[in-house]
Amino acid sequence: MQTVLSSVLLDVPQAAVIWLALLVVPTVAVAGLVVRPSRFRSAVGGRIRQAVLPSSLEFAEEQRERDRYAEEIAVAAEGATSTAERRRAEWVTAQDEVESAWQAYQAAEAVVRRLDAAAAMPLPRTVRTPAEYADRERFLHRAARATFERGQLSAAQLEDALAHRNGWDPRLHPVEQELVLQRAVRDNLLDRHRVAHQREQRAWRTAELAAAAARSLREEALRAAERTPEVEPVSLLADARPAAETSGDAAPAARRAGIENTRELTPAATGRAAVPAF
């Protein structure tokens with residue numbers, strides 16, 4: 001028993017020193033926290049922020065991804081704007097074709113009205129002989145071919161005139177044949193105006209869709225550029241402030257590139273809602 005007690009008593013001073021050390025370390029920490037609480041909060045908060053916020057490599061990779069996306073969407077917006085400009089030019093051209101076809105039709109209609117008025121007068125009497133009918137047939141063929149070469153008759157109408165069908169009668173007097181010919185010209189020009197009008201409608205719808213796509217891509221390009229931060233993560237850790245307070249007054253990259261200078265204008269064309277110009 002004495003041997004056991006002596007061995008235990010020999011270890012008591014060492015155990016006491018260990019216990020005192022364990023008591024001193026928490027005491028000093030608590031005392032430091034009570035005396036300098038701001039320093040403790042700053043150190044702990046800095047470590048927490050460093051653990052929560054992304055590292056410099058992660059931030060750089062995210063920044064590169066944002067820059068690449070902003071660049072790609074800006075290129076897409078530029079291409080869409082060019083496409084919208086081409087579609088609008090095609091629509092304006094189609095509108096001019098509609099106007100030209102309408103004016104040609106009105107001129108042909110005026111000629112038909114004049115011939116209708118002249119048809120009320122009695123026709124000159126001619127001897128109805130085979131030679132006379134042959135002359136009338138040659139007159140019809142020559143007039144039809146000349147009108148076709150001027151682009152006023154369609155190929156189908158020329159075939160009908162040469163085949164003497166669908167109202168083409170070579171036995172009629174040349175004055176009557178001229179009236180039939182001008183009516184055919186008027187009908188052909190009216191069909192051309194109708195086709196041009198349909199083409200203009202399709203071009204207008206295509207230009208509208210292209211303009212809407214260009215506007216959408218430009219807006220997305222602006223948003224992508226504005227989402228690109230202008231500060232480094234080091235400043236966030238050093239200042240321990242939110243990014244909104246340290247971003248400053250730096251202008252977005254899209255505005256520096258002049259994207260916001262692209263605005264929509266109203267064309268001088270009439271007769272339909274204007275397609276935005278870029």
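User: Is Arg-183 buried or exposed, or in between?

Analyst: Burial is read from relative accessible area: buried is under 20%, exposed is over 50%, and partly exposed lies in between (1.4 Å probe, protein chains only). Arg-183 has a relative accessible area of 36%, so Arg-183 is partly exposed. This is a predicted model: local features need pLDDT of at least 70, side-chain atom pairs count only at pLDDT 80 or more, and totals for chains, interfaces and linings use all residues. Residues are numbered from 1 along each chain as its sequence is written, and side-chain values use heavy atoms, with hydrogens and water left out.

User: Which side chain meets Arg-183 in a salt bridge?

Analyst: Side chains of opposite charge can pair when their charged atoms come close. A salt bridge puts a side-chain nitrogen of Lys or Arg within 4 Å of a carboxyl oxygen of Asp or Glu. Here Arg-183 meets Asp-116 at 2.8 Å, N to O. Arg-183 lies in helix 6 (residues 174-226) and Asp-116 in helix 3, so the pair ties together parts 67 residues apart in sequence. Helices are DSSP runs (H or I, at least four residues), numbered from the N terminus. Asp-116 is partly exposed, at 33%.

User: What separates Glu-132 and Arg-136 in helix 4?

Analyst: About one helical turn, because they are 4 residues apart in helix 4 (residues 130-149). Glu-132 is buried at 19%. Arg-136 is buried at 6%.

User: How many salt bridges does the whole structure hold?

Analyst: The search finds 15. Glu-109, Arg-113, Arg-186 and Asp-187 are linked in a network of them.

Conventions
Helices (H or I, at least four residues) and strands (E, at least two) are DSSP runs, numbered from the N terminus.
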